Amino acid sequence: MSEHIVSLRVYLTIFLALMAGTALTVFAGLQDFPGQLNVIIALTIAVVKATLVVLYFMHVRYSSRLIWVIVTSALFWLVILFALTFSDYWTRCWFGTPC
Amino acid sequence: MADAVSIEHEASHPALQHHFENMEQQREAGALGMWVFLVTELMFFGGMFLAYTLYRTKFPADFASASNHLDLTLGAVNTVVLILSSLTMALAVYSVQVGKRRNQILCLVITIVLGLTFLGIKAVEYRDKYEDSLIPGQLIPGRPYNPAVQEHGTPFDKHKLHLLPGATVKHVEMFYWIYFAMTGMHALHMIIGVGLLSVILFFSWRGRYGPEYHNPVEISGLYWHFVDIVWIFLFPLLYLLGRHLEHM
């Protein structure tokens with residue numbers, strides 16, 4: 001498999017999308033949404049931006065399956081880190097135990 | 001005799017290490033190694049994001065108050081600077097892939113300058129925090145954590161903390177521990193990135209890289225983009241978490 005060269009047009013499109021995402025996240029951050037919606041919107045925009053950087057600027061979209069496995073494993077371990085920690089913290093008060 | 005033949009690479013590139021079959025395999029191995037390193041980096045930053053999430057759920061009003069004291073304009077400008085530097089880094093890789101050495105050097109120089117701009121703006125922000133006595137604990141001799149608090153009904157003072165209902169100065173300090181740990185580690189990664197790119201720039205100027213061989217440019221780019229991604233998360237989480245509560 002030879003190296004894939006991402007075109008200039010793709011790079012510029014992704015750059016503009018990242019700029020739009022930055023403007024959108026600032027705009028959304030100044031609005032008062034109900035409940036936890038503010039943080040959900042902020043994180044959704046950040047995840048989309050990060051995905052664009054990983055897929056295009058870091059060429060993962062055009063990379064081998066092995067690189068895909070490594071990138072996916074990173075997310076997998078991050079989920080373990082958060083899920084196991086919060087399964088402790090968020091359940092401490094469930095059964096009347098001091099917390 | 002068979003051994004003697006297999007040692008000879010077909011028209012091998014001078015940069016091809018003897019333990020690789022060909023340039024393609026060497027390139028793939030380099031990228032893979034960098035990605036494995038970046039996974040460990042993600043776990044490193046992940047621990048700090050975890051601490052942030054825990055304390056934010058524990059002290060929501062304190063975190064929102066502290067976040068509102070950060071300079072949103074400088075944070076947003078830094079986000080733009082860093083994304084722009086990611087673009088020029090990607091263009092530097094593109095230029096070396098298509099063999100345009102002049103553009104490659106130009107893109108690397110712009111990337112380094114943008115990286116230094118980011119660090120300069122960060123330094124201005126840190127100085128503001130120093131002047132408002134917001135550096136947590138006793139980290140700075142003679143300037144312990146001791147911010148002034150805005151009293152209700154007094155004229156607006158941007159050097160004073162505006163505490164939202166339920167927030168305390170003590171818990172706001174926790175935000176600043178996490179803020180300085182995360183942005184500090186991020187800035188350290190930026191400094192390392194600028195150092196890496198300076199080395200890459202030196203060898204680019206010497207003409208070491210071209211369409212056939214550019215592993216170091218590519219994997220330094222991966223590192224640079226990773227540091228950009230960390231900031232993409234840091235910016236909304238640190239600067240924007242309580243803005244919508246500011247007028248309450």
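Modeller: A crossing is left-handed if the near helix is turned anticlockwise from the far one by less than a right angle, and right-handed if clockwise. Helices are DSSP runs (H or I, at least four residues; strands are E, at least two), numbered from the N terminus. This is a predicted model: local features need pLDDT of at least 70, side-chain atom pairs count only at pLDDT 80 or more, and totals for chains, interfaces and linings use all residues. Residues count from 1 along each chain as its sequence is written, while chains are lettered from A and ligands numbered from 1 in the order in which they are written.

Biologist: In which hand does α4(B) pass α7(B)?

Modeller: The crossing of α4(B) with α7(B) is left-handed.

Biologist: What angle do α4 and α7 of chain B make?

Modeller: Packed helices are described by the angle between their axes and the distance between the axes. Axes are lines fitted to C-alpha atoms, for helices over the stretch in contact; angles run from 0 to 180 degrees between N-to-C directions. In chain B, helix α4 (residues 72-97) packs on helix α7 (residues 215-239) at about 160°, and their axes are 10 Å apart. So α4(B) is roughly antiparallel to α7(B). The classes are roughly parallel (under 35 degrees), roughly antiparallel (over 145), roughly perpendicular (65 to 115) and oblique (the rest).

Biologist: Which residues make the contact between α4(B) and α7(B)?

Modeller: Contact means C-beta atoms, placed from the backbone, within 7 Å. On α4(B), look for B:Leu72, B:Gly75, B:Thr79 and B:Leu82, among others. On α7(B), the contact residues include B:Trp224, B:His225, B:Asp228 and B:Trp231. By class, this contact of α4(B) with α7(B) has 13 nonpolar, five polar and two charged residues. Nonpolar covers Ala, Val, Leu, Ile, Met, Phe, Trp, Tyr, Cys and Pro; charged covers Asp, Glu, Lys and Arg; the others, Gly among them, are polar.

Biologist: Now chain A. How do α1(A) and α2(A) cross?

Modeller: Helix α1 (residues 8-30) and helix α2 (residues 37-57) of chain A cross at roughly 170°, and their axes come within 10 Å. The two, α1(A) and α2(A), are therefore roughly antiparallel to each other. Here too the hand is given: α1(A) passes α2(A) in a left-handed crossing. Among the contact residues are A:Val10, A:Ile14 and A:Ala17 of α1(A), with A:Ile41, A:Ala42 and A:Ile45 of α2(A). The contact of α1(A) with α2(A) divides into 13 nonpolar, four polar and one charged.

Biologist: What about packing between chains: how far apart are the axes of α2(A) and α7(B)?

Modeller: These axes, of α2(A) and α7(B), lie 9 Å apart, at an angle of about 170°. That angle makes α2(A) roughly antiparallel to α7(B). From α2(A) come A:Ala42, A:Ala46, A:Lys49, A:Ala50, A:Val53 and A:Phe57. From α7(B) come B:His225, B:Asp228, B:Ile229, B:Ile232, B:Phe233 and B:Pro236. The contact of α2(A) with α7(B) counts nine nonpolar, one polar and two charged residues.

Biologist: How many residues does each chain give to the whole contact?

Modeller: Chain B gives 35 residues and chain A gives 38. On the side of chain B, α2 (23-58), α4 and α7 each give two or more. The largest share on that side, 13 residues, comes from α2(B). The side of chain B that touches chain A has 24 nonpolar, six polar and five charged residues.

Biologist: What mean pLDDT does chain A have?

Modeller: Read pLDDT as the predictor's confidence in each residue, from 0 to 100. Chain A has a mean of 92, and 97% of its residues reach 70 or more. Chain B averages 92, and 95% of the residues score at least 70. The model scores ipTM 0.93 and pTM 0.92.

How values were computed. Two residues are in contact if their C-beta atoms, placed from the backbone, lie within 7 Å.
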